[in-house]
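Colleague: Could you walk me through this model before I start on it?

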Amino acid sequence: MLLEIRRDLHLHPELSEQEVRTSEQICHYLDEWDIPYEKDVAGHGVVALIRGKGKSHGKTVAIRADIDALPIQEPSTHHCCSMNRGVMHACGHDAHTTIALGIAKILKDQEDTLQGNVKFFFQPAEETVGGAKPMVEAGYMEHPHVDYVLGLHVMPNHEVGSIEYRYGNLNAASDEVTITVHGKSCHGAYPEQGIDAVVIASHLVCALQTLVSRRISPLQSAVLSFGQISGGEGPNIVCDQVLLHGTLRTTDPQMREEAFQYIEKQAALICGAFGGSADVVFHCGYDALINTDEIVDVVVKNAEKLLGHENIHPKEFPSLGAEDFSFFLDKAPGAFFHLGCGNAAKGMTAPLHSKEFELDERCIPIGVELQIHNILSLLENA
């Protein structure tokens with residue numbers, strides 16, 4: 001059953017904010033298993049709930065699965081190839097959705113003895129605008145209140161039958177930075193009559209690269225990258241305005257705030273020193289994903305029992321990639337970990353977000369079994 005679900009989802013991937021069929025399929029299975037749910041949550045998301053009828057402490061554990069795909073053309077040589085041209089589950093969200101559905105089916109069959117509640121977030125738009133935040137803002141972490149939240153992501157650089165975990169910071173906060181540098185236009189032959197925004201912007205970019213080494217310790221994880229610079233009207237005209245557009249990644253909330261302040265201060269001082277000025281705008285994206293150590297302990301303990309100590313790998317450094325599971329963790333203690341889906345012998349080692357990505361489907365029942373053990377451990381020890 002699990003493989004049929006996953007392959008159907010993989011054959012019919014849908015982009016962020018367009019997950020209509022995917023949502024319908026999720027609801028179809030929930031209807032078949034008599035699991036109550038709400039649909040059209042934060043777009044095309046679905047929230048389901050199993051209320052345990054056993055001796056309950058009133059606790060609720062939530063499971064999150066993202067459901068959207070990526071704008072990538074999958075090679076026709078893949079065993080299970082997308083039928084939607086230019087769209088592919090290149091990040092394994094089809095596996096995440098299948099795992100959550102598998103958990104729901106098994107726990108529904110055990111609801112008479114289940115000691116608590118299990119809520120399922122089938123979340124849209126993880127790859128773009130982030131469906132987690134509107135789900136949280138709409139109150140779905142309540143009624144019933146979510147006491148613990150769990151999530152996972154398949155990872156091809158780890159062999160199937162293994163997991164990767166990290167205490168504390170796992171993923172970075174992601175924020176867009178837009179700086180508009182203002183100068184004064186004049187003829188390029190007489191630059192002393194103007195204020196060159198290009199020169200100012202050049203100095204500003206170079207100065208801001210000292211953020212990590214001088215304002216934030218190089219032993220901490222942070223990145224500021226400017227990927228777009230635009231401005232100017234002609235080669236012989238001193239430019240009066242330059243737009244800098246970049247991304248800031250930080251792994252700690254305090255570090256994030258200090259970085260904001262540093263960027264604003266440097267922009268004002270450097271631009272002012274050249275006679276210009278700057279407007280700085282931050283577009284806040286995903287928060288940093290910070291695991292709860294006690295819940296990570298539960299995941300590690302269960303994984304060691306199921307997979308063996310040798311297949312449990314600690315992640316040394318946090319990733320500067322973003323993950324909007326962080327918004328669920330802002331509201332409840334929990335853990336997010338990586339589920340090995342690679343198979344080097346079969347050449348299944350291509351990275352996520354690439355057209356070559358394939359996963360070993362044996363990771364799916366492993367993910368189901370491990371998460372069920374995690375859920376039961378949290379409910380029974382509540």
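Modeller: What follows takes the sheets, then the pockets. This is a predicted model, in which local features need pLDDT of at least 70 and side-chain atom pairs count only at pLDDT 80 or more, while totals for chains, interfaces and linings use all residues. Residues are numbered from 1 along each chain as its sequence is written, and side-chain values use heavy atoms, with hydrogens and water left out.

Colleague: In what order do the 8 strands of the open sheet run?

Modeller: The order is E1-E2-E4-E3-E5-E16-E6-E15, with mixed pairing; strands (E, at least two residues) and helices (H or I, at least four) are DSSP runs numbered from the N terminus, and two strands pair if DSSP finds at least two bridges between them. Strands E1 (37-41) and E15 (312-314) are at the edges with a single partner strand each, so one side of each has no neighbour in the sheet.

Colleague: How are E3 and E5 joined?

Modeller: Strand E3 (residues 60-66) runs parallel to E5, and 3 bridges join them; Ala 62 stands opposite Val 149 in E5.

Colleague: Which strands does helix H3 touch?

Modeller: Helix H3 (residues 93-109) packs on the sheet against E2, E3, E4, E5 and E16, and its direction makes about 150° with that of E3. Contact means heavy atoms within 4.5 Å, and angles run from 0 to 180 degrees between N-to-C directions, with axes fitted to C-alpha atoms, for helices over the stretch in contact.

Colleague: And the open sheet of 4 strands, what is its order?

Modeller: That one is antiparallel, in the order E10-E12-E8-E13. Helix H7 (residues 253-273) packs on this sheet, touching E8, E10, E12 and E13, at about 160° to the direction of E13. Within the sheet, 10 bridges join E8 (residues 173-182) to E12 (residues 241-250), and Ile 179 has Leu 244 as its bridge partner in E12.

Colleague: Switching topic, how much space lies in the largest pocket?

Modeller: About 490 Å³ lies in the largest pocket. Of its 20 lining residues, the closest to the centre are Asn 171, Gly 321, Ala 322, Leu 352 and His 353. On a 1 Å grid over the protein atoms alone, a pocket is an open set of points where a 1.4 Å probe fits, with protein on both sides within 12 Å along at least five of seven lines, and lining residues have an atom within 4 Å of a point; a volume is the space filled by probe spheres set on the points.

Colleague: Which strand gives the most to that lining?

Modeller: E5 does, with 3 residues.
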